[in-house]
Amino acid sequence: VANAYELLEEYDQALKWTRRSQELQDSIFNVEVTGQVAEMQEKFEAAQREKVIAEEQLKVRQRNWWLASLVAALVLLGAGAILIIRRQQERQRQLAREARLREENRLQEERLRISRDLHDNLGAEITLVTGALSRKIFLTEAEQEKQEWGAIRDNAKGAMAQLRDTIWAIRQEQADVRDLAEKIQDFAARMPGLELTVDDSKAGNPQLSPGQVLNLYRIGQEA
């Protein structure tokens, strides 16, 4: 339009339309620029939002990782503590077993020592007495004296038998009821005119300590 007015030499109209054209172009340009700026602003804000979301997700992952690490560390510490406690308990049980075994060995050695002393000392003395009584009986001519010395010798032999039974009881770490019943029957068999039957069928077969064996044997003797 401006070019047409310029050909008609209406320069004021040509200038007017030229200005309008320029204003329209500026308006179109401004609209495009504004749209581009708005689009860039939206993209920028979207990028910022994505960045914030990514940072929050990273923080959540880091927090979860630290939480998982803490839980794993606590589990490991708990397992280690349980293992240490169990090892300490097992060590204490082992020490208790070793102490009990040492005490049992000490008691067994003491029992063996006592039994050897009884056999070597008291047993030897009773044997000497029995031998001396036998010689006395052999050299004695009076029948009454022989019987008296014989009764003393029999008592000495009985004492020797009881000593052997005592040594047997002392030497035993453990004995059962059947062993005790056999010993009581052997003792009864040495008593003239005495018949003894021991019924251990209802007693089961529990294990007895040396002290229990000796006490029960003495009760059987007195009975």
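This is a predicted model: local features need pLDDT of at least 70, side-chain atom pairs count only at pLDDT 80 or more; totals for chains, interfaces and linings use all residues.
1. **The overall layout.** Start with the order of the elements. Going from the N terminus, the protein chain reads α-α-α-β-α-β-α, and that comes to 5 helices and 2 strands.

2. **Surface and burial.** Of the 223 residues in the protein chain, 16% are buried. The accessible surface is about 17,600 Å², and carbon and sulfur atoms account for 57% of it. As for contacts, take those between residues at least 6 apart in sequence: 65% of them join residues at least 24 apart.

3. **The largest nonpolar core.** Which residues make up the largest nonpolar core? There are 9 of them: Trp168, Ala169, Val177, Leu180, Ile184, Phe187, Leu208, Val213 and Tyr217. Helix 3 (143-171), helix 4 (177-189) and helix 5 each give two or more residues to this core. Helix 4 gives the most, with 4 residues. As general background, nonpolar side chains in soluble globular proteins tend to be buried together.

4. Is Val213 buried or exposed? Its relative accessible area is 0%, so Val213 is buried. Val213 and Val177 are 36 residues apart in sequence, yet their C-alpha atoms are 8.5 Å apart in space.

5. **Helix 3, checked by its length.** Helix 3 has 29 residues, and at 1.5 Å a residue it should span 42 Å; the C-alpha atoms at its ends are 41 Å apart, so the two values agree. Several of its residues are buried, including Gly150, Ala156, Met160, Ala161 and Leu163. Further along helix 3, Asp165, Thr166, Ile167, Trp168, Ala169 and Ile170 are buried as well.

6. Thr130 is in helix 2 and has a relative accessibility of 13%; the cut-off for buried is under 20%, so Thr130 counts as buried. What is Thr130 in contact with, leaving aside its neighbours within four places in sequence? The contacts are Arg153, Ala156 and Lys157. Ala156 is one of the buried residues of helix 3. Glu125 also has its place in helix 2, but at 48% relative accessibility Glu125 counts as partly exposed.

7. **The salt bridges.** How many salt bridges does a search of the whole structure find? It finds 2, and Glu90 takes part in each of them. Glu90 meets Arg93 at 2.9 Å, N to O, while the closest N and O atoms of Glu90 and Arg97 are 3.1 Å apart. Together, Glu90, Arg93 and Arg97 are linked in a network. In general, side chains of opposite charge can pair when their charged atoms come close.

8. Glu90 and Arg93 are 3 residues apart in helix 2 (residues 11-139), so about one helical turn separates them. How open is the site? Glu90 has a relative accessible area of 36%, which makes it partly exposed. Arg93 is partly exposed too, at 42%, and Arg97 is partly exposed at 34%.

9. **One aromatic pair.** A search of the whole structure finds 1 aromatic pair. The ring centres of Trp65 and Trp66 are 4.9 Å apart and the planes lie at 80°, so this pair is edge-to-face. Both Trp65 and Trp66 are exposed, whereas Trp168 in helix 3 is buried.

Key
Residues are numbered from 1 along each chain as its sequence is written. Side-chain values use heavy atoms; hydrogens and water are left out. Buried means under 20% relative accessible area, exposed over 50%, partly exposed in between (1.4 Å probe, protein chains only). Contact means heavy atoms within 4.5 Å. Accessible areas come from the Shrake-Rupley method with a 1.4 Å probe; for residues, only the protein chains shown count as cover. Rings of Phe, Tyr and Trp (its six-membered ring) pair if their centres lie within 6.5 Å; planes under 30 degrees apart count as stacked, over 60 as edge-to-face and the rest as tilted. A nonpolar core is a set of buried Ala, Val, Leu, Ile, Met, Phe, Trp, Tyr and Cys residues joined through side-chain atoms within 4.5 Å. The expected span of a helix is 1.5 Å times one less than its number of residues. A salt bridge is a side-chain nitrogen of Lys or Arg within 4 Å of a carboxyl oxygen of Asp or Glu.
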